[in-house]
Amino acid sequence: MNTITEPGVTAATAAASMPQTWRLAIQGMTCASCATRVEKALAKVPGVTAATVNLATETASVSTRDQAEGVAPLLAAVVRAGYEARVEFDDEAAVRPVQHAEPTWPLWMAAALSLPLALPMVAMLWGEHWMLPAWAQFALATPVQFGFGWRFYKAGWKALRAGSGNMDLLVALGTSAAYGLSLYEWLRPGAEAMPHLYFEASAVVITLVMLGKWLEARAKHRTTAAIRALQALRPDTARVRRDGVDIDLPLALVRVGDLVVVRPGERLPVDGEVVEGASEVDESLITGESLPVPRQAGDAVTGGAVNGEGALLLRTRAVGAESTLARIVRLVESAQAGKAPIQRLVDQVSAVFVPAVIVVALLTGLAWGLLAGQWQQGLLNAVAVLVIACPCALGLATPAAIMAGTGVAARRGILIQDAQALELAHRIGVVAFDKTGTLTEGRPRVVHAIATDGDEAALLRRAAALQAGSEHPLGRAVMQAAQERQLAVPAAGSVRAVPGRGIEGDVDGLPLALGSTRWMDELRVERGALDARAEALQQQGRTVSWLVALDGAGSSPRLLGLLAFGDTLKAGAAPAVQRLHELGVRTVLVSGDNRGSAQAVAAALGIDDVRAEVLPADKAAVVAALRGQGAVVAMVGDGINDAPALAAADVGIAMATGTDVAMHAAGVTLMRGDPRLVAEAIELSRRTTRKIRQNLFWAFGYNVVGIPLAALGLLSPVIAGAAMAFSSVSVVTNALLLQRQGRKPLPLPPPARREPLAGARSHEKTA
């Protein structure tokens, strides 16, 4: 295909003008104010259309109008804001090493130096006086203040140079004030032999802040457990068969088309198609499916799954960044790095929070000094205000809950592709379902076999003999029905397909024809009482085929019976609808099938409303109309024709068993294709949203209560530091409770028995 470009426009120029999204790893952020500052710095770069910074994942997602400028201006903007940045490429999602926590020895050293300063303060509660000499306090506090606390000075200075403030600036100002006051009281002329010193306040506050950051880092490490578990699924090597010889190669050297040998019990290293062998494959960590699934020649398999007891030979379809596992990791990371709508409020607050706190601290010191004449107490109270107001908890409240929620969802086989979908899902009031492939299996089955002589087994045997070599969906359905009944299928001779009508051949010496009602009319078959039965079945949306014996020239074909084909409900369809009703969600069936077929499905499942005979192009309009009624609408589908409706819905939910187009248009993907996961996704969204609200309540509550108490002198700097550290840890720990809830299956009714249903032309994916 030729590409037409304007004169003077080269292919390279055209490529450079395409939009680009960059993912940056940001180092040095410590609070919500940091994330806001980086976001603003990136947004000011020419060509940037959107910039989102996530404190919990320490990443930034930046969209630019074109690729011409590259990533250099973005990195430079982050550096000017006082932080470090590097580019993360797509293939890093599959190979990024597990990040280890920071070393703990600085924390232990700071604690060892601070403990002798803190113990005398505790002993005073029991009337003991163990106060160390001033020189000893100075010797213990100075390494903590300027050694282990140097990072607060460094980061705070960068924030000042950028014209803003952050948590580090608050800590540096507060502890420096306490340390400086202690020096003054110790060294001033006429000082007492044992003056009031506050070295313990500066040292202990720094140690508590370090402890809070360490605990926070550990908790954040747990929220990324889903990502690390997915990354760990990929083996480092693959056994590749080349020129008949099996050799072990690093996975980076495996190419599409290579033959890969997988022994029993091994993890599949690549996405591929089974060429030889048969086995059962455990895909639980990828799809959430608890039971192994059978795989044989011709079946597709996913890298990261565990092979069962049989050896498999695979032809590689995808490796590296293009593999299913790598794409899942990118989707989960994208959701975790995304920003929920509620986070905008937090960003607006954090943008003015640090400057406001500094003003409050100054007013506190001035008020105590000017009004009460207690400048020393005023300084201590100002220090307490600065320390307790550190906005770590505020910045972590939302992203920590989102990370935990998406991690739980990934383990359950629910891929949430953006944070907005996760937050919106808790308000879903209407779920619109596609029919074929979503609520039904999407494959025709024999649901009725009616023989004129009452011998249904003989009718199926003869029909299966004619269809033994057929690849038609109805032909495969006949063969499946015969196999399920364990019928011995005889060989057929002189088999010939009659285009648009059916098939004919000789079975047990008897010439037979199996085909449509139209063909039977052409053959002038007398259908008798079965004609009314067939008409009733067709009105329900079933497809009817007739089997007749062609006795010879001049005689009319003799009717042997009919076969009625229909689709089959998925095992989880009825429990899914029932659970949605229990959650107060209204259900709607939106199908392109005839009204009889759609009504039959709706009646069997208890769906509230039916929109039948809807053209693919009109499905989006139906979703828009439902949204116009004031409800938050989710659309569940799996086909290419569902993509517009998925995009039009507030929350699009795609079945991974369907098309890639549908998954790209949706915000949520169900890896098992089980409709019960729709209710799970809504419940998980409700739990996550509750955690976000709880976290924000705690984060704001600490500051709303703590700052006035500190300003009034009711909190010492040490107690303020402990409260600040506890606030950060509490919100992350609260978010992690989602993971504990996610280990148990959500309460759903048992799977329903598979019911045959009407589904005219359902195998053609019309709905």
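This is a predicted model: local features need pLDDT of at least 70, side-chain atom pairs count only at pLDDT 80 or more; totals for chains, interfaces and linings use all residues.

Trainee: Why is helix 21 called roughly parallel to helix 26?

Mentor: The axes of helix 21 (residues 573-582) and helix 26 (residues 676-711) cross at roughly 30 degrees, coming within 7 Å. Angles under 35 degrees count as roughly parallel, and therefore helix 21 is roughly parallel to helix 26.

Trainee: Which residues make the contact between them?

Mentor: Helix 21 contributes Pro 575, Ala 576, Arg 579 and Leu 580, while helix 26 contributes Arg 676, Val 678, Ala 679, Ile 682 and Glu 683. By class, this contact has six nonpolar and three charged residues, with no polar ones.

Trainee: How do you know that the reach of helix 26 is close to the expected one?

Mentor: Helix 26 has 36 residues, for which 52 Å is expected at 1.5 Å a residue. From its first C-alpha to its last, helix 26 reaches 53 Å, which is close to that value. Just after helix 26, Gly 713 takes a positive phi of about 85 degrees.

Trainee: Which residues touch the most other members of the largest nonpolar core?

Mentor: They are Ile 428, Val 431 and Val 678, in a core of 52 residues. Helix 26 supplies the largest share of this core, eight residues. Leaving aside residues up to four places away in sequence, Val 678 touches Val 431, Phe 433, Leu 580, Val 636, Ile 653 and Leu 670. Another core, of 24 residues, lies apart from the largest one; Ala 463, Val 478, Ile 503 and Leu 563 are among its members. In soluble globular proteins, nonpolar side chains tend to be buried together.

Trainee: Why does Ala 118 count as partly exposed?

Mentor: Ala 118, in helix 5 (residues 105-123), has a relative accessibility of 24%. Buried means under 20% and exposed means over 50%, so Ala 118 falls in between and counts as partly exposed.

Trainee: What makes Asp 243 exposed?

Mentor: Asp 243 lies in the loop between strand 5 (237-242) and strand 6 (245-250). Its relative accessible area is 83%, and the cut-off for exposed is over 50%; therefore Asp 243 is exposed. Asp 243 also has a positive phi of about 55 degrees, although it is not a glycine.

Trainee: Why does Arg 524 count as exposed?

Mentor: Arg 524 has 69% relative accessibility, and exposed means over 50%, so Arg 524 counts as exposed. Arg 524 is found in the loop between helix 19 (517-522) and helix 20 (530-539). Although not a glycine, Arg 524 has a positive phi of about 60 degrees.

Conventions. Residues are numbered from 1 along each chain as its sequence is written. Side-chain values use heavy atoms; hydrogens and water are left out. Axes are lines fitted to C-alpha atoms, for helices over the stretch in contact, and angles run from 0 to 180 degrees between N-to-C directions. Helices (H or I, at least four residues) and strands (E, at least two) are DSSP runs, numbered from the N terminus. Angles under 35 degrees count as roughly parallel, over 145 as roughly antiparallel, 65 to 115 as roughly perpendicular and the rest as oblique. Contact means heavy atoms within 4.5 Å. Ala, Val, Leu, Ile, Met, Phe, Trp, Tyr, Cys and Pro count as nonpolar, Asp, Glu, Lys and Arg as charged, and the others, Gly among them, as polar. The expected span of a helix is 1.5 Å times one less than its number of residues. A nonpolar core is a set of buried Ala, Val, Leu, Ile, Met, Phe, Trp, Tyr and Cys residues joined through side-chain atoms within 4.5 Å. Buried means under 20% relative accessible area, exposed over 50%, partly exposed in between (1.4 Å probe, protein chains only).
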